[in-house]
Amino acid sequence: MYRLGEEEIEAIAEVIRSQKFSRGNKGNIRAVYNFEKEMREYMGADYFFVLTSGKAALISALTAMGIGPGDEVIVPAYTYIATAVAVLAVGAIPVIVDVDETLTIDPKAIEANISKYTKAIIPVHMQGMPSNMDAIMDIAKKHNLYVLEDACQAVGASYKGKMLGTIGDAGAYSFNSFKNITAGEGGGVITNNTTIYENAFIYHDSSGIAWLGNEMEGFDNKLFVGTEYRVSEITGAMLRVQLKRLDGIVADLRENKKKVMDAIKDTGLKFAPSNDPEGDCGNIIPMTFDDVETAQAFLKEAGDQMDILSNMGRHIYSNWESIMLKRGAVNPKNDPFLRPENQGLNMNYTPDMCQKTIDLLARTVILFINPDWTDDERQKKIDELKAAAAKVLK
Ligand SMILES: *Cc1c(COP(=O)(O)O)cnc(C)c1O
């Protein structure tokens with residue numbers, strides 16, 4: 001969450017005054033409907049719909065692709081736990097692979113981990129940083145795999161001119177309160193694939209909309225048993241206002257990031273390389289050090305709004321307790337780790353299986369960019385970074 005104000009309050013008040021909360025209620029203010037339309041235009045994709053969370057978006061998209069028991073899905077070792085849990089939620093097995101210096105999934109690690117069971121790759125655009133989509137799409141094409149972009153942290157970012165989320169077969173966005181735009185909680189599925197859209201939409205609401213809004217009329221796909229991830233008009237109303245703020249947020253994140261990077265470029269600090277500096281959303285500046293000791297010393301000196309990536313808790317595979325300990329379900333028959341179809345798949349999880357990632361995260365310090373810094377606040381940060389670099393780097 002970056003920006004929020006009276007306009008959101010007014011938009012939500014309008015929903016409450018209307019007393020029509022469901023996207024299926026006749027006479028509602030069509031907030032969800034209009035947000036979906038505006039997102040399709042903004043992102044440049046044929047289909048988009050909003051649901052309860054980013055994880056619900058990942059689960060719905062994987063379900064729509066037909067992924068399930070007996071399938072492996074490749075995920076990066078540096079991502080929020082939700083990416084990997086979504087794979088397990090559809091009964092498949094996440095294969096965890098290293099990230100490279102860009103802090104996004106390493107295409108070489110993808111290739112090295114493809115097996116006869118692999119069905120999909122989930123590149124994750126962490127903190128607004130684009131994954132290497134050209135290489136990933138080439139690999140996917142060669143091996144006939146689906147690509148599901150986890151763009152939960154990258155709403156508004158792009159890769160070579162295309163909005164993140166729209167390059168693979170489908171993309172997932174999150175609108176929880178830590179993300180670029182927010183409705184408190186929320187998510188979205190984006191795709192240009194009619195079958196994936198229809199299946200994901202049915203899955204997200206296999207009981208409700210069919211009766212209320214007739215939104216599935218014209219679907220080629222038949223209803224099947226799914227779940228209930230529908231959002232209310234309140235979510236749509238808030239997100240319509242937030243979407244109007246997105247261009248400004250991204251522009252100011254990028255401008256602040258560029259100004260700080262320009263100001264510290266001669267200090268000897270090394271920036272992590274980017275797969276597309278123009279498309280990067282500007283949420284953070286990642287700085288990579290030669291060793292852990294220097295990284296920690298720099299963090300200590302450099303002041304607030306900083307962290308080291310090894311502190312990122314459940315964004316690091318070795319802290320994914322439920323997965324590392326293979327606690328897949330309450331009922332063992334529902335447990336993907338125990339399912340007969342999954343025996344023989346790649347689930348030999350160990351804390352050091354992606355040592356390259358662990359090492360990289362321990363040497364990478366990040367600065368969180370604030371799009372609303374005043375010139376003085378930004379200059380103070382620059383001065384702190386310069387002083388810390390002068391002290392720590394020799
Ligand atoms: C936030 C996030 C999710 C999940 O989003 P929710 O809306 O919290 O379910 C998934 N993947 C990544 C990379 C995220 O940052």
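Predicted model: local features only at pLDDT ≥ 70, side-chain atom pairs only at ≥ 80, totals over all residues.
Helix H3 gives the largest share of the lining of the largest pocket, contributing three residues.

**The largest pocket**

- The space within the largest pocket comes to about 830 Å³.
- The lining of the largest pocket is made up of 31 residues, and those closest to its centre are Gln 153, Asn 176, Phe 178, Lys 179 and His 315.
- Two elements give two or more residues each to this lining, namely helix H3, which covers residues 54–64, and helix H4, which covers residues 81–89.

**Helix H9**

- Helix H9 runs through residues 233–264, a stretch of 32 residues, and the distance from its first C-alpha to its last is 45 Å, which is close to the 46 Å expected at 1.5 Å a residue.

- The side chain of Glu 36 forms a polar contact with another side chain, that of Arg 23, at 2.8 Å.
- The side chain of Glu 36 also reaches into the backbone of the protein, where the nitrogen of Val 50 lies at 2.9 Å.

- When the whole structure is searched for disulfides, the number found is zero.
- Cys 152 takes part in no disulfide, and the nearest cysteine sulfur to it, which belongs to Cys 281, is 13 Å away.
- Seen from the other residue, the closest cysteine sulfur to that of Cys 281 is in Cys 152, and the 13 Å between them is too far for a bond, because a disulfide requires a pair of cysteine sulfur atoms within 2.5 Å.
- Cys 152 is buried, with a relative accessible area of 8%, and Cys 281 likewise counts as buried, with a relative accessibility of 0%.

Terms used. Residues numbered from 1 in each chain as written. Heavy atoms only, no water. Helix = DSSP H or I, 4+ residues; strand = E, 2+ residues; numbered from the N terminus. Expected span 1.5 Å × (residues − 1). Buried < 20%, exposed > 50% of the residue type's maximum accessible area, 1.4 Å probe, protein only. 1 Å grid on protein atoms, 1.4 Å probe; cavity = no way out; pocket = protein on both sides within 12 Å on 5 of 7 lines; lining within 4 Å. Points joined across faces, edges and corners; volume = space filled by probe spheres on them. Polar contact = N/O pair within 3.5 Å; in protein donor to acceptor, adjacent residues only side chain to side chain.
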